[in-house]
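This briefing is prepared for a reader who has the sequence and the coordinates at hand. Please consult both while reading the points below.

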Amino acid sequence: MERIYSTDNLTERVYRSYQRSIYCNPKFKIQYPQNVTELVDLVKESIAKGYRVKGAIGNRHSITDIICTDGVPISLKNINYTEIENENDGGTASFGAGIELSDALIFLEKRNKTLIHVPTYGGITLGGAIATGAHGSSLVHPSSISDQIVRLQIIDGMGNLREISDPQDVNAFRVNLGLLGIIVKITLAIVPLFKATVQTTLEPESILMDGTAQRWANNLDWMQMWWFPSTSNVVVLKGHYHIKLTGSKSDDYLGNATSQFIPELDPVIITTGHDAYETLEANKNRPGLYALERFTELSLHSEVIGKPPIFSEDGVNIKNPANGIAWRLMSNRCHTYCPWNNGNTSSILPEEFSVALQILNLPSAIKTIKEILEIIPTAFTMVGIFIRFSKPSDSLMAISNGHETVTLEWASPMRDNPYEDAKGGLGAYQAILQSLIKNYKGRPHWGKNGLYYFRQSILEETTSNLDKFKSYMKKFDPDGTFMNNFGKRITGSSNEMNIDPLVHHCALQEYCICSKNEDCGHFQSCNKVKGFSVCRDLADVYSDSNYDPTNLTSILYAIGAILQVED
Ligand SMILES: Cc1cc2nc3c(=O)[nH]c(=O)nc-3n(C[C@H](O)[C@H](O)[C@H](O)COP(=O)(O)OP(=O)(O)OC[C@H]3O[C@@H](n4cnc5c(N)ncnc54)[C@H](O)[C@@H]3O)c2cc1C
């Protein structure tokens, strides 16, 4: 029976990332096989007809064209079974790769089992989590789902169902970028269910530069931080595992708090947040944006009006410190009212940035960011600068491959017209990203950041195992069945990208680094900051603290900045 069918209707065919910035225009509609047999048939039919396959797309929570194909996109939504094995002997659990992380964890919890560490958002699929190496924050435990893989079942580029258990092959597949095969079944190491105690406190930012943060991270099961440069504060989360949950001693850790870090919000609150942000941005109201940053800071350690507390037992009152089932403190998900799910004109649609560095570079990277923010003062409204840790991973393409890693991440809501209007501080974001990647060999998270940062020329400098990974692409997918633009940039065969046809200013959403003013947004110019080309608001150039409208040199400097002359 023929399974693939095409459609001329663009709206049926085109799919986007969850926050809509990534635009994929495949030849066919997304296919939803009901079981593995149907999936294998679908892949074989696509190969026979010469179509490429995106196997598979997850929940499209990655905002790179890693999710795109020009051929047949396949979702494993319906391949979400659960199995548990050797329950009394350490144990493993297997999952259909389309299952969502939170469903997998609920299944395990019902059997008094769990995963040792999990990423923050439960609404991603296990297939998607391991393709991009989604991680939490621990130097003590494996921080990613990828690093908890025991074996896999996959469909290779010839359409064969295969077991992947050889340790070297497993290391290639742990973070596979969707380019080695379709992962059908994921078998993970499991541990007895356990509780944790977590506490957030406010600390001075000096802990990021004097070794204190690293020392804490080395000694904690779970530690992460949110840095707020405008207040010079850091909110530090310290998490302790209580591994022996089972048996009578579990009562030592009374409490059933859960995380609401990614909150379910009332639609009115989402609309208000969206409108406030857009108005502040449109008016270049930096004090207002700093106030939003301050609000976020407060919400991570205290109760605030308008946002559920980060840890709570009743959803209303904060618990700090909090005790609870560890995975429920580490991870949560919104369902109906996610901030990005509130209709076309009033959702909060984040663009995310994330770069991983060797941990020893943390202090100097922080100093670099502070220097950039002195030139372009910028608010980090959504999560401050989120700082997480990972122990070294054997996975070839893990951002933590080979060394202890610290990840610096931030998110910023998209403007109502993201094709013309820049978000405040875009220039700072661009200077920070470029300097972390260039000066510190920072590795961009595979599911975040602008597409410019996934070119072979950049990856060659930062990703030590690129050639080895390419040899695995040849081994498991010699004919390029799973190849897409993202994969082509990785192999260096092309620099093509999936670009939304409405994009006209390539640097605005980081499809390029600006080389002329037109690459940037309305009322912006392309300037050099610390040697990096970035889009700066003209208003910023004029309101630079050094700018003096009565002084000729100062006026010439401002004109020079607009005309892209280096500082
Ligand atoms: C609110 C939110 C919170 C987040 N929190 C974190 C976090 O804490 N830590 C972190 O590291 N990241 C985080 N991310 C990023 C996210 O974890 C990754 O982008 C993840 O890949 C998304 O999973 P997905 O199911 O949406 O997969 P998609 O984004 O749909 O797909 C990602 C890649 O996975 C591939 N893929 C999916 N299924 C399969 C399969 N069965 N076989 C082969 N390839 C497959 C796709 O082809 C694609 O290449 C977050 C994202 C959001 C939106």
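The structure is a predicted model, in which local features need pLDDT of at least 70 and side-chain atom pairs count only at pLDDT 80 or more, whereas totals for chains, interfaces and linings use all residues. Residues are numbered from 1 along each chain as its sequence is written, and side-chain values use heavy atoms, with hydrogens and water left out.

**The eight-stranded sheet**

- Eight strands make up an open, antiparallel sheet with the order β17-β12-β14-β13-β19-β20-β18-β21.
- Strands are DSSP runs of E with at least two residues, helices are runs of H or I with at least four, and both are numbered from the N terminus; two strands pair if DSSP finds at least two bridges between them.
- At one end of the order, β18 (residues 350-358) and β21 pair in the antiparallel sense over two bridges, and Ala356 stands opposite Arg443 in β21.
- Helix α8 (residues 286-299) lies across β12 (195-204), β13 (222-228) and β14 (233-242), and runs at about 155° to β13. Such angles run from 0 to 180 degrees between N-to-C directions, with axes fitted to C-alpha atoms, for helices over the stretch in contact.

**Nonpolar cores**

- A nonpolar core is a set of buried Ala, Val, Leu, Ile, Met, Phe, Trp, Tyr and Cys residues joined through side-chain atoms within 4.5 Å; buried means under 20% relative accessible area, computed with a 1.4 Å probe on protein chains only.
- The largest core has 111 residues, and Leu177, Trp226 and Trp446 have the most contacts inside it.
- Apart from this core lies another, of 43 residues, among them Ala217, Met223, Met225 and Leu408.
- Beyond residues up to four places away in sequence, Trp226 touches several residues, including Thr200, Val234, Phe261, Ile310 and Phe386; contact means heavy atoms within 4.5 Å.

- β6 runs antiparallel to β5, to which four bridges join it; Ser94 is the bridge partner of Glu83.
- β6 also pairs with β10 (residues 182-189) in the antiparallel sense over five bridges, and Leu188 in β10 is the bridge partner of Ala93.
- Gly98 is placed in the loop between β6 and α3 and is buried, with a relative accessible area of 11%.
- Not counting residues up to four places away in sequence, Gly98 touches Leu76, Lys77, Ile79, Asn80 and Thr125.
- In α3 (residues 101-110), Leu101, Ser102, Ala104, Leu105, Phe107 and Leu108 are buried; the buried residues of α3 pack against β5 (82-85), β6 (92-96), β7 (113-114), α4 (126-132) and α9 (326-330).
- Asn112, which follows α3, has a positive phi, near 60°.

**Ligand surroundings**

- Of the 37 residues around the ligand, those that come nearest are Ala56, Arg60, Ser62, Thr125 and Thr132; a residue belongs to this set if one of its heavy atoms lies within 4 Å of the molecule.
- Polar backbone atoms of Asn59 and His61 lie 3.0 Å and 2.8 Å, respectively, from an oxygen atom of the ligand.
- A backbone N or O atom of Ile66 is 3.1 Å from an oxygen atom of the ligand.

Definitions and conventions
Buried < 20%, exposed > 50% of the residue type's maximum accessible area, 1.4 Å probe, protein only. Polar contact = N/O pair within 3.5 Å; in protein donor to acceptor, adjacent residues only side chain to side chain.
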